[in-house]
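Keep the viewer open as you read.

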Amino acid sequence: MQLTINGSSRTVARAETVEQLLAALELDPRAVVVELNREIVRRPLLAATSIRDGDAVEIVHFVGGG
Amino acid sequence: MLEIGGTTFSSRLLVGTGRYRTNTDMVEAIDASGAEVVTVAVRRISLDRADDTGILHHLSPERYFLLSNTAGCYTADDAIRYARLAREAGFNDFVKLEVIGDQDTLLPDTAGLLEATRVLVAEGFKVMAYTNDDLITALRLEDAGAVAVMPLASPIGSGLGMINPFAIRTIKARLSVPIIVDAGVGTASDACLVMEQGVDGILMNTALAAADAPVRMARAMRLAVEAGREAYRAGRMPKREIAVPSSPTTGMIA
């Protein structure tokens, strides 16, 4: 499946939900926030939210800033 | 004690976490500053390498109050989007709202700022609005429901100190919400002078991060903020343009 993740095209295998996508990317769901096609995916819904070919995903976290 | 939007904070010094040369510098400087509120930014995670840029690797959310910002946003819509993402991280409902209007000066787009404030307040955010030192904008932000108004001392990262003490004093006198001066402080005397205007606190980042010795500067800033606050509360003596002797003028030997 082809996704756009953080602006880059990426092929992802074996992920049908956002939770599985984070696992495939080795990301801790508690340390990131996910937007799927510009809609925030609430934490409790990560496992219930499906991803489809062509989806745009943003995965963000907190970094240093003023 | 400083109260903002119903939450009480132990320190009147709020600090940023950006631009430090090393994470050790950052952690030690923030510790030395005594700050409780630390600002953070929302950015894309790096997928291609072990990513230690995440601030939570270095600062404990149990110890610090994480205040996310919308730095780098040039429209109300972008700032709203970043604020929503930050809130989903689950720490608190506060946001340090920035809507920037110009790349060279990083001065705020006050129309966009007001628009974003209204939207976010309606969504239950506690908005701390970074703004310029214009009284009317500050009043409008308070009317829009901001829990704190954050006028600049001078442009972000400039270290020029407080350019317009009159404007800062006027904003403090006319608004009821806490006034946190944000940006422009360069060294301890700047911070002291800001606090002597009677404002409720200061947020700074580059003054610590870009000092030769950030930990030492953080200590200096902590003392300066306390000193300025104490001096303000003490009430300074009036300025006079003629000397007044402090020793008795009687009892002089002939």
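## Two helices side by side

In this predicted model, H4(B) passes H5(B) in a right-handed crossing. Two values go with a description like this: packed helices are described by the angle between their axes and the distance between those axes. For H4(B) and H5(B), the angle is about 30 degrees and the axes are 10 Å apart. That makes the two helices, H4(B) and H5(B), roughly parallel, because angles under 35 degrees count that way.

Which residues make the contact? From H4(B) come Leu135(B), Ala138(B) and Leu139(B), while H5(B) brings Ala167(B), Thr170(B), Ile171(B) and Arg174(B). Sort the residues of this contact by type and you get five nonpolar, one polar and one charged.

## What surrounds H4(B)

H4 of chain B spans residues 135–143, and its buried residues are Thr137(B), Ala138(B), Arg140(B), Leu141(B) and Glu142(B). Among the elements covering them are helix H3 (110–122), strand S7 (126–131), strand S8 (148–151) and H5, again in chain B. After H4(B) comes Gly145(B), with a positive phi near 105 degrees.

Look next at the loop between helix H5 (165–174) and strand S9 (180–182) of chain B, where you'll find Leu175(B). Is Leu175(B) buried or partly exposed? Leu175(B) counts as partly exposed, because it has 19 C-beta neighbours inside 10 Å and buried takes 20 or more.

Setting aside neighbours within four places in sequence, Leu175(B) is in contact with Ala138(B), Leu139(B), Glu142(B) and Val149(B).

## Positive phi away from glycine

Ala183(B) has a positive phi near 90 degrees despite not being a glycine. This alanine, Ala183(B), sits in the loop between S9 and helix H6 (188–196) of chain B. It counts as buried because Ala183(B) has 28 C-beta neighbours inside 10 Å.

Over in chain A, Glu26(A) is another residue other than glycine with a positive phi, this one near 60 degrees. Its loop runs between helix H1 (18–24) and strand S3 (33–36) of chain A. With 8 C-beta neighbours inside 10 Å, Glu26(A) counts as exposed.

Strands S1 (residues 2–5) and S2 (residues 8–11) of chain A run antiparallel and are joined by four bridges.

Terms used. Residues are numbered from 1 along each chain as its sequence is written. Chains are lettered from A and ligands numbered from 1 in the order in which they are written. This is a predicted model: local features need pLDDT of at least 70, side-chain atom pairs count only at pLDDT 80 or more; totals for chains, interfaces and linings use all residues. Two strands pair if DSSP finds at least two bridges between them. A residue is buried if 20 or more other C-beta atoms lie within 10 Å of its own, exposed if 12 or fewer, and partly exposed in between; C-beta atoms are placed from the backbone. Two residues are in contact if their C-beta atoms, placed from the backbone, lie within 7 Å. Axes are lines fitted to C-alpha atoms, for helices over the stretch in contact, and angles run from 0 to 180 degrees between N-to-C directions. Angles under 35 degrees count as roughly parallel, over 145 as roughly antiparallel, 65 to 115 as roughly perpendicular and the rest as oblique. A crossing is left-handed if the near helix is turned anticlockwise from the far one by less than a right angle, and right-handed if clockwise. Ala, Val, Leu, Ile, Met, Phe, Trp, Tyr, Cys and Pro count as nonpolar, Asp, Glu, Lys and Arg as charged, and the others, Gly among them, as polar.
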